[in-house]
Amino acid sequence: MKVTETKRLTLRWIEVEDAQFIFQLLNEPSWIQHIGDKGIYSVEDARNYIKSGPRKMYEEYGMGLFLVELKDDRSPIGICGLIKREELSDVDIGYAFLSSQQGKGYALESAEAMVQYAREIGLLRIIAITKKDNFSSSRLLEKLGMDHQGYVKLTNATEGLKLYSLIL
């Protein structure tokens, strides 16, 4: 199901049929470095991740991580969306793209669309978390107008994460 679109991108629900792409994305070196190893070691693991992660969040909250596709050929290039984590009081924005698609402005373009979507669904504030050394993500969040609020440590995390917020 299509959620929103931009000039170059379509953001839609992740389907179980996207498992091969999700397997590829979650095993990108940048994903492992900046987000962490989610234990997705096969396409079947990716299918289970889709069902228990994004699809479950759509059912519970009407939002989640969405697949980002190029409009011209519908090829998947990343994910971007709004995530409700039990540990955080606000919805947070998240994104990740294939290394071959980084540096082309797609992350900012899709994140701006998610900020607009957050407004449309009535959110008053969103947050974001990122590792301290993920400088490109910090720059993107600042371009979105988000303010660095300090640090937060999630359960089972080995380090504190930078916390950003944006009043909508």
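Let's start with helix α5, which lies across β1, β2, β3, β4 (76–83), β5 (91–97), β6 (125–131) and β8 (161–167), running at about 30 degrees to β4. Please keep in mind that this is a predicted model. The strands under discussion belong to an open sheet of eight strands with mixed pairing, and the structure also holds three aromatic pairs.

**The sheet**

- Reading across the open sheet, the eight strands follow the order β1-β2-β3-β4-β5-β6-β8-β7.
- The edges are taken by β1 (2–5) and β7 (147–152); each has a single partner strand, so one side of each is left without a neighbour in the sheet.
- On average, and with direction ignored, neighbouring strands of this sheet are turned by 30 degrees against each other.

**Aromatic pairs and their cluster**

- Among the three aromatic pairs is the one formed by Y58 and F66, which is stacked, with 5.5 Å centre to centre and 15 degrees between the planes.
- Y58 and F66 are both buried.
- F66 also pairs with Y117, this time edge-to-face, at 6.1 Å centre to centre and 90 degrees between the planes.
- That F66–Y117 pair links distant parts of the chain: F66 belongs to strand β3 (residues 65–70) and Y117 to helix α5 (residues 106–120), 51 residues apart.
- Like F66, Y117 is buried.
- Taken together, ring pairs link W13, Y58, F66 and Y117 into a cluster.

**Helices α3 and α4**

- The axes of helix α3 (residues 43–52) and helix α4 (residues 54–61) come within 3 Å and cross at roughly 10 degrees.
- Because angles under 35 degrees count as roughly parallel, α3 is roughly parallel to α4.
- Where the two helices touch, Y49, I50, K51 and S52 in α3 meet P54, R55 and K56 in α4.

Note on methods: Residues numbered from 1 in each chain as written. Predicted model: local features only at pLDDT ≥ 70, side-chain atom pairs only at ≥ 80, totals over all residues. Heavy atoms only, no water. Phe/Tyr/Trp six-rings, centres within 6.5 Å; stacked < 30°, edge-to-face > 60°. Buried < 20%, exposed > 50% of the residue type's maximum accessible area, 1.4 Å probe, protein only. Helix = DSSP H or I, 4+ residues; strand = E, 2+ residues; numbered from the N terminus. Pairing = 2+ DSSP bridges. Axes fitted to C-alpha atoms, helices over the stretch in contact; angles between N-to-C directions. Contact = heavy atoms within 4.5 Å. Parallel < 35°, antiparallel > 145°, perpendicular 65-115°, else oblique.
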